[in-house]
Structure formats: C-alpha cells, structure tokens
Amino acid sequence: MVLEVADIQIEPDQKADFEAAVALGLDTVLSKSPGFVSYEIQRCKETPERYLLLIEWQKIEDHTVGFRESDAYAEWSAIVRPFFAKAPHVEHFDLIGRKPAEG
C-alpha cells in the first residue's frame, strides 16, 4: 500500500461547497479507479481553508499513472479544482508502523 497525501488550500468562504464537491468527486470518480483502497479527508482546526486528503492506493503507479493519465482525472479535477486557492502539495508515503490505542 501507498498513502497519497494532498495538502489542499481552498478559497476563503468556500468550505461547505468544497466539502460537498470533494465528497462527490471522491465517491463518484476517484474511488472507482483501479488500485484505489480508501480515502480520508480532514479539515485543519487552526486554518479552516486547509485540508488533508489521504488516499490509500495498492501501489504508487495506480495513482501516478493509472489515475493521473485517465479520463477520470480530468473529471475529478473539474469537480474540485475550482475551489483551490493554489495547486495542492502531493506526496506519497509508505507505512512504517501503526499501533491502535489500547483500551
């Protein structure tokens, strides 16, 4: 598995519209892509125009080639890009370890 982390800044006062759009794009377009595993989106408490989009892919090429070079990418971009204040910063991570809380 590989984790895509997209750090997204949206235009001010677009929170509700962006959240609706990103949910639509994730559920109807991106999540249907080959190699997609799961997604999570989080809004920053201190900077409400900042979001982290966390997407798990089976392998990095599922994102960088399979999705990015597909028609689905253009569809996804058309849904979410109008809300971006600047291009998202995107990186990929390998899981090193994880331990759930005990209790």
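This note goes through the predicted model point by point, from the whole chain down to single residues.

1. Basis of the model. The structure is a predicted model, in which local features need pLDDT of at least 70 and side-chain atom pairs count only at pLDDT 80 or more, while totals for chains, interfaces and linings use all residues. Residues are numbered from 1 along each chain as its sequence is written, and side-chain values use heavy atoms, with hydrogens and water left out.

2. Secondary structure. The chain holds 3 helices and 4 strands, where helices (H or I, at least four residues) and strands (E, at least two) are DSSP runs numbered from the N terminus. Following the sequence, these elements come in the pattern β-α-β-β-α-α-β.

3. Overall dimensions. A compact globule of 103 residues would have a radius of gyration near 13 Å, and the 14 Å of the chain agrees with this; the radius is taken over C-alpha atoms, and the globule rule is 2.2 Å times the number of residues to the power 0.38. Along the principal axes, the C-alpha atoms fill a box of roughly 40 × 35 × 20 Å.

4. Burial and surface. Of the 103 residues, 29% count as buried, a term that means under 20% relative accessible area, with exposed meaning over 50% and partly exposed lying in between (1.4 Å probe, protein chains only). The chain exposes about 6,700 Å², of which carbon and sulfur atoms supply 52%; these areas come from the Shrake-Rupley method with a 1.4 Å probe, and for residues only the protein chains shown count as cover.

5. Contacts and charges. Taking contact as heavy atoms within 4.5 Å, and looking at contacts between residues at least 6 apart in sequence, 71% join residues at least 24 apart. There are 11 positive and 19 negative side chains, and the centres of the two sets lie 4 Å apart; Lys and Arg count as positive and Asp and Glu as negative, without His or the chain ends, and each charge is placed at NZ of Lys, CZ of Arg, CG of Asp or CD of Glu.

6. Helix α3. In this helix, which spans residues 71-80, the buried residues are Trp76, Ser77 and Val80. They cover an arc of only 100° around the axis, which puts them on the same side of α3; the arc is that of the directions from the helix axis to the C-beta atoms. As background, an α-helix has 3.6 residues a turn, so residues three or four places apart point the same way. Asp71, Ala74 and Ala78 are exposed on the other side of α3, whereas its buried residues pack against α1 (15-28), β3 (50-57) and α2 (60-67).

7. Helix α2. Here Asp62, His63 and Phe67 are buried. Their directions fall within an arc of 95° when seen down the axis of α2, so they line one face of the helix. The cover over the buried residues of α2 includes β1, β3, α3 and β4 (89-93). Asp62 itself has a relative accessibility of 10% and so counts as buried; leaving aside neighbours within four places in sequence, Asp62 is in contact with Pro34, Gly35, Trp57 and Phe67.

8. Glu4 in strand β1. Glu4 belongs to β1 and is buried, with a relative accessible area of 6%. Not counting residues up to four places away in sequence, Glu4 touches Leu53, Leu54, Ile55, Trp57, His63, Val90, Glu91 and His92.

9. Asp13. In the loop between β1 (2-9) and α1 sits Asp13, which has a positive phi of about 65° although it is not a glycine. For comparison, most residues other than glycine have a negative phi. Asp13 counts as exposed, at 76% relative accessibility.

10. Thr28. This residue of helix α1 is partly exposed, with a relative accessible area of 43%. Thr28 and Ala72 are 44 residues apart in sequence, and their C-alpha atoms are 9.8 Å apart in space.
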